[in-house]
Amino acid sequence: MKRITRMLGIEFPIVLAPLGGEAACAPLVAAVSNAGGLGILGAAYMAPARISEVIAQIRGLTSKPFGVNLFCPLTWQRESARIDEFVARIAPYHAELGLAPPQVPEKFEEDFDAQFDAVLQAEVPVFSFTFGDLGRERIAALQSEGCKVWGTATQVREALHLAALGVDAIFAQGAEAGAHRGSFLGTRDEGLVGTLALVPQIADAVPLPVIAAGGIADARGVRAVQALGASAAAAGTAFLLAAECPISAAYRAALQAGRDHETVLTRAFSGRWARGLANRFTRELADAPLPDFPIPNALTRPLRQAAGPAGRAEFLSLWAGQAVALAKPAPAADIVHALARGWQTD
Ligand SMILES: Cc1cc2nc3c(=O)[nH]c(=O)nc-3n(C[C@H](O)[C@H](O)[C@H](O)COP(=O)(O)O)c2cc1C
């Protein structure tokens, strides 16, 4: 049970789950690590040079272990008709916000190889990945630098697959979790196993430490996943209200008003299933034909970036898990300590 704290030499088995996008910053990651947990930087949307810069900032703020997370590259098709259709669907929202009409960008995502090299060269203590299979070679390359590698699974089959590749631990993401599903095998619904069912079944199937995530937002959730066989508990949504988290006031207000029944799984913002608070955008685009991930993600970025400062939460991707109403504004260290109170030490 103590395997994660022992693996990393940290005080509490409490993890800041990777939060890619506007929540990703050095002060939040460092605050969690300084408080005795493990902060993980969600670096998936960062350019390689920015990844190196933020890792250096984290090192300037803490001497404790921390992690970095990337999305595994996915294969996708560029279908012009779908792109044009999607652009036409979001154009009225641009007009409503006074933005120039949507443009199709030159590139839809960062170069994964270069992102990965930036992380590898930085020799970080923990690397976590989601959306699939990083490949044996990359896992071994990280491990040879002393890095612990965690893969994300949303069902037992995925955990077995990752274990066979040689990861050091499994990040078990239950269906309650906020933002993108990490699933990479089977259908959407097959990857929607709840945390209560997922954690013990992965713990039984795989001889590796399990980090539980999805719906954990206070000491009770931590105690529950410890009882289920987890070696650590990770929270994402609970840390979105941390004082160090730089999300927009509109997003913060929506989170504070959010209730358990108000999240939905949507593909509308990015082309990939993700959980967030329902809003006008998720409702109006619920049935829209979408280009493959990550194309919609790049196409909706200008809208999302403008909507935050404009206070227009109806155009924001309000990523949140089902325990959103348990999240409370506080310094990150207090959130770590409140969560850690749920972990029973022998
Ligand atoms: C705003 C937000 C951004 C996220 N970004 C990432 C990411 O970049 N990479 C990743 O592996 N998981 C990401 N996740 C998922 C979390 O790492 C984690 O699985 C989830 O937050 C746990 O469930 P909870 O939100 O109920 O605590 C994100 C979650 C949120 C809420």
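This is a predicted model: local features need pLDDT of at least 70, side-chain atom pairs count only at pLDDT 80 or more; totals for chains, interfaces and linings use all residues.
1. Helix 5 and helix 6 are roughly parallel to each other, a label that applies to angles under 35 degrees. Their axes come within 10 Å and cross at roughly 20°; axes are lines fitted to C-alpha atoms over the stretch in contact, with angles running from 0 to 180 degrees between N-to-C directions.

2. Residues are numbered from 1 along each chain, and side-chain values use heavy atoms, without hydrogens and water.

3. Helix 5 contributes F112, D113, F116 and L120 to the contact (heavy atoms within 4.5 Å), and helix 6 contributes R138, A141 and L142.

4. The ligand is surrounded by 23 residues, each with a heavy atom within 4 Å of it. P18, N69, G215, G236 and T237 are the closest. Strand 1 gives the largest share of this shell, three residues.

5. Polar contacts are pairs of N or O atoms within 3.5 Å. A polar side-chain atom of T237 lies 2.5 Å from an oxygen atom of the ligand, and one of N69 lies 2.8 Å from a ligand nitrogen atom. At G178, a polar backbone atom is 3.1 Å from an oxygen atom of the ligand.

Note on methods: A polar contact is a pair of N or O atoms within 3.5 Å; within protein, one must be able to donate a hydrogen and the other to accept it, and residues adjacent in sequence count only if both atoms are side-chain atoms. Helices (H or I, at least four residues) and strands (E, at least two) are DSSP runs, numbered from the N terminus. Angles under 35 degrees count as roughly parallel, over 145 as roughly antiparallel, 65 to 115 as roughly perpendicular and the rest as oblique.
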